[in-house]
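Subject: Structure handover and findings

Dear colleague,

Please find below the structure that I am passing on to you. My findings follow directly after it.

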Amino acid sequence: MEQREKAILVGVNINHQPNFEYSMEELRNLTDACEIEVVGEITQNLQRVNKSHYVGTGKIEEIHALKEMVSADVVIFNDELSPSQIRNLEADLDCKVIDRTILILDIFAERAKTKEAQLQVEVAQLQYMLPRLIGLRESLGRQGGGSGLKNRGAGETKLELDRRKIEEKIVALNKELEILVAHRKTQRKQRKKNNVPVVALVGYTNAGKSTIMNAMVEKFHPLENKQVFEKDMLFATLETSVRNISLPDHKSFLLTDTVGFVSKLPHHLVKAFRSTLEEVAEADLLIHVVDFSNSSYQEHIEITNQTLKDIGIENIPTIYAYNKSDLMDIQIPRMNNEEVYLSAKQRVGIDELIQLIRKGIFKDYIHCEMLIPYDQGRIISYFNEHANVLGTSYEETGTKLILECKLSDFEKHQEYVV
């Protein structure tokens, strides 16, 4: 069995942040998701971060001593470190130093399955590396740079070369991404044209978005094998999956599953995944999935709302789906205005969720009666397929339909309305 790397986690609580404890817990979970064992933890209260070392100098000795004692291989910091901080810390602690950002990037790299997600993660990783080339001493080493003229600056030239290579690579990857993004835009335009409403699942990582999606797919399309990957772990889903959900009354909507959020999501990543997150921006309705069994669920809600705001997503009607409610001491399913308490895994409360979705997206349906001449059979078959026909009777001059249809269809066939 492979020996797991051992890590010490370090966090600085600046001016008593209320959610500091929580973000350290999150760091533990992220480290765990990277298959690294946490063997120690050190925190410090400061008014501001130490520019050169992130923590105060006294703390460095403490971290070093703990590192020796528990024989840790790596020290992980709870914020993004600057290139010079990494350099100084590695020199003083004499071991590998990584920050929260690279940890998250590593998890994303590990989980990315589709071409698009892989490209997005790679761009984010390279952008993170660029300013830190000198700091990543183990991979690069400082060639040359000795005294005397002959050898001067050999290390610098190597760095220049690396930097240029990375910049070229970023440009090339971004070009590839643009093609995929354009393709996705075309798909979205097509969907808009077809007038199919879009419902997007959003929420903190591991809240159960994919499980909810699978529960719906199973309910309305039991014979199609359209399940998405779901697993009890951070960032199980990185790719956007879109599924068409057709309800029994011929109404349908598209359900999209998106990457989960976590606090302090690296900005390189948010930028790289922007195209994936655009799916959310164009949704008609959001389902904010919350792991109700998690004692920090309030924080999760805030983190998700803040992240959505950061990427410019506001004012989209939202349903709150409190998932994993079967683990709490309450009766489920339970509805309350725009909230539903459910258990996607036990498949309890899915009907109630659908009820709220219906209320949110099928507002422009009209209940009416039409008399359609017998020579217009195609209109009748159109309504049988795209509307909810509640009654059909045959009159002298044509077929009479009692139906519920989209406002646009109602306007288009105005002449037949009785």
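I begin with a single residue and its surroundings. Arginine 358 is found in helix 12; please note that the model is a predicted one. With a relative accessible area of 26%, arginine 358 is partly exposed, since this value lies between the limits of 20% for buried and 50% for exposed. Leaving aside residues up to four places away in sequence, arginine 358 touches Leu247, Pro248, Asp249 and Lys251. Serine 252 is 106 residues from arginine 358 in sequence, yet the two C-alpha atoms are 9.6 Å apart in space.

Helix 12 (residues 350-361) also packs against another helix. Its axis and that of helix 8 (residues 209-220) come within 11 Å and cross at roughly 90°. Helix 8 and helix 12 are therefore roughly perpendicular to each other, as crossing angles of 65 to 115 degrees are classed in this way. On the helix 8 side, the contact is formed by Ile212, Ala215, Met216, Lys219 and Phe220, which meet Ile350, Asp351, Leu353, Ile354 and Ile357 of helix 12. By type, the residues of this contact divide into eight nonpolar, no polar and two charged.

Turning to the protein as a whole, the secondary structure comes to 14 helices and 14 strands. Of the 418 residues, 49% count as buried. Among contacts with a separation of 6 or more, 69% are between residues 24 or more positions apart.

The largest nonpolar core has 63 residues, of which Val55, Ile76, Phe77, Leu93, Leu269 and Leu286 touch the most other members. Leucine 93 touches Ile60, Ile63, His64, Lys67 and Val75, again not counting residues up to four places away in sequence. A second, separate core comprises 30 residues, including Leu201, Phe220, Leu356 and Ile361.

Helix 1 (residues 20-33) has 14 residues and reaches 20 Å from its first C-alpha to its last, close to the 20 Å expected at 1.5 Å a residue. Its buried residues are Phe20, Tyr22, Ser23, Met24, Glu26, Leu27, Leu30, Thr31 and Ala33. These buried residues pack against strand 1 (6-14), strand 2 (37-46), strand 3 (74-77), helix 4 (100-111) and helix 11 (297-310). Just after helix 1, glutamate 35 adopts a positive phi of about 60°.

Helix 4, one of the elements packed against helix 1, contains threonine 101. Threonine 101 is buried, at a relative accessible area of 5%, and its contacts beyond four places in sequence are Glu80, Tyr128 and Pro266.

The loop between helix 4 and helix 5 holds threonine 114. This residue counts as partly exposed, at 33% relative accessibility. Threonine 114 and threonine 240 are 126 residues apart in sequence, while their C-alpha atoms are 9.5 Å apart in space.

For helix 5 (residues 115-129), the end C-alpha atoms are 21 Å apart, which agrees with the 21 Å that its 15 residues should span at 1.5 Å a residue. Its buried residues are Glu116, Ala117, Leu119, Gln120, Val121, Val123, Ala124, Leu126 and Tyr128. Tyr128 is also one of the residues that threonine 101 touches.

With kind regards

How values were computed. Residues numbered from 1 in each chain as written. Predicted model: local features only at pLDDT ≥ 70, side-chain atom pairs only at ≥ 80, totals over all residues. Heavy atoms only, no water. Helix = DSSP H or I, 4+ residues; strand = E, 2+ residues; numbered from the N terminus. Expected span 1.5 Å × (residues − 1). Buried < 20%, exposed > 50% of the residue type's maximum accessible area, 1.4 Å probe, protein only. Contact = heavy atoms within 4.5 Å. Core = buried A, V, L, I, M, F, W, Y, C linked by side-chain atoms within 4.5 Å. Axes fitted to C-alpha atoms, helices over the stretch in contact; angles between N-to-C directions. Parallel < 35°, antiparallel > 145°, perpendicular 65-115°, else oblique. Nonpolar A, V, L, I, M, F, W, Y, C, P; charged D, E, K, R; others polar.
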